Amino acid sequence: MTLFNPTAEIYHTDCIVQMREMRQQNRIVQHIITDPPYAISAENQFHTMRNPRQGVDFGDWDWDFDPAAWLEEAFPLLDKNGSLIIFCSYKFISHICNRIEQLGGVVKDVLVWQKANPMPRNIHRRYVQDMEFAVWAVKSKNSKWVFNKPDDVPYQRAFFQTPTLLGKERTAHPTQKPIALMQSVIQIHTQPQDVILDPFMGVGSTGVAALALNRQFIGCEQNAKWFEIAQQRLRFQVAWTHSH
């Protein structure tokens with residue numbers, strides 16, 4: 001464990017192990033905001049192309065991953081008024097929603113992230129892939145969930161548009177989310193000092209965004225390379241926050 005007292009703690013471990021330990025300690029978090037593996041890695045399928053490109057491989061962690069099984073351990077950690085934001089492929093939206101409802105949660109909406117500068121691939125054979133999705137759910141039908149509609153908009157759309165990663169923010173992680181996107185989500189769905197858990201922390205974008213907005217953060221990451229990058233990014237954010 002690395003502790004950035006008192007605002008953040010991160011664990012280099014399998015999140016299932018850590019969440020079970022947290023349950024034994026009767027710990028509670030206000031929100032779970034996470035970007036699990038999408039389970040969309042695939043062998044090359046473009047056999048009709050003259051020079052077929054390689055398949056999509058985001059890493060060992062993305063193959064044969066069940067995008068909803070982890071909720072069994074995570075859901076009990078959630079406060080009675082807590083919320084979940086779970087990024088996912090369009091292929092698994094219904095799978096995740098069904099599992100949340102089986103556990104007693106209530107799905108409120110599906111958020112859309114549109115990439116302002118998507119990677120053009122295979123443009124003569126299919127639509128550009130510029131959208132990703134996130135399920136928003138709350139603990140129960142009686143939850144008094146957080147929803148901070150910005151004052152400068154008449155109504156809040158479930159639509160977020162940002163560029164993909166640019167400049168110094170980019171790391172080697174293939175599915176890293178922009179801090180600007182995560183800050184927008186956190187501002188709407190959480191309050192200052194709330195505890196946000198990210199079981200699939202990656203390189204720590206959710207944590208960086210949370211600390212910048214005066215939230216507390218707990219993160220897990222089992223890949224040593226990504227954990228080290230997350231640790232560096234969070235350490236920098238804590239130092240920057242304390243100096244301003």
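Helices and strands are DSSP runs numbered from the N terminus, a helix being a run of H or I with at least four residues and a strand a run of E with at least two. Everything in these views comes from a predicted model.

**View 1. Nine strands make up an open sheet.** At the edges are strand E1 (2-4) and strand E7 (159-162), each of which pairs on one side only. From one strand to the next, the twist averages 15 degrees. As a reminder, strands of a sheet pair through backbone hydrogen bonds, either parallel or antiparallel.

**View 2. Strands E8 and E9 run parallel.** Here, E8 (residues 195-198) is joined to E9 (residues 216-220) by four bridges. To find your place, look for valine 195, which stands opposite glutamine 216 in E9.

**View 3. Helices H1 and H5 lie across strands E2, E3, E8 and E9.** Helix H1 covers residues 15-24 and runs at about 130 degrees to E9. Helix H5, residues 205-212, runs at about 170 degrees to E9.

**View 4. Helix H1 has four buried residues: Cys15, Gln18, Met19 and Met22.** Why do they lie on the same side of H1? They cover an arc of only 95 degrees around the axis, so they share that side. Among the elements covering the buried residues of H1 are strands E2, E3, E8 and E9, together with helix H2 (71-74).

**View 5. The two ends of H1 each have a detail to spot.** At its start, a side-chain oxygen of aspartate 14 comes to within 2.9 Å of the backbone nitrogen of isoleucine 16. After H1 comes asparagine 26, with a positive phi near 60 degrees.

**View 6. Glutamine 193 and asparagine 214 also have positive phi values.** Most residues other than glycine have a negative phi. Where is glutamine 193 found? Look in the loop between helix H4 (179-189) and E8. The phi of glutamine 193 is near 75 degrees, and this residue is partly exposed, with a relative accessible area of 43%. Asparagine 214 sits in the loop between H5 and E9. Its phi is near 65 degrees, and asparagine 214 counts as partly exposed at 43% relative accessibility.

Terms used:
Residues numbered from 1 in each chain as written. Predicted model: local features only at pLDDT ≥ 70, side-chain atom pairs only at ≥ 80, totals over all residues. Heavy atoms only, no water. Pairing = 2+ DSSP bridges. Axes fitted to C-alpha atoms, helices over the stretch in contact; angles between N-to-C directions. Contact = heavy atoms within 4.5 Å. Buried < 20%, exposed > 50% of the residue type's maximum accessible area, 1.4 Å probe, protein only. Arc of directions from axis to C-beta. Polar contact = N/O pair within 3.5 Å; in protein donor to acceptor, adjacent residues only side chain to side chain.
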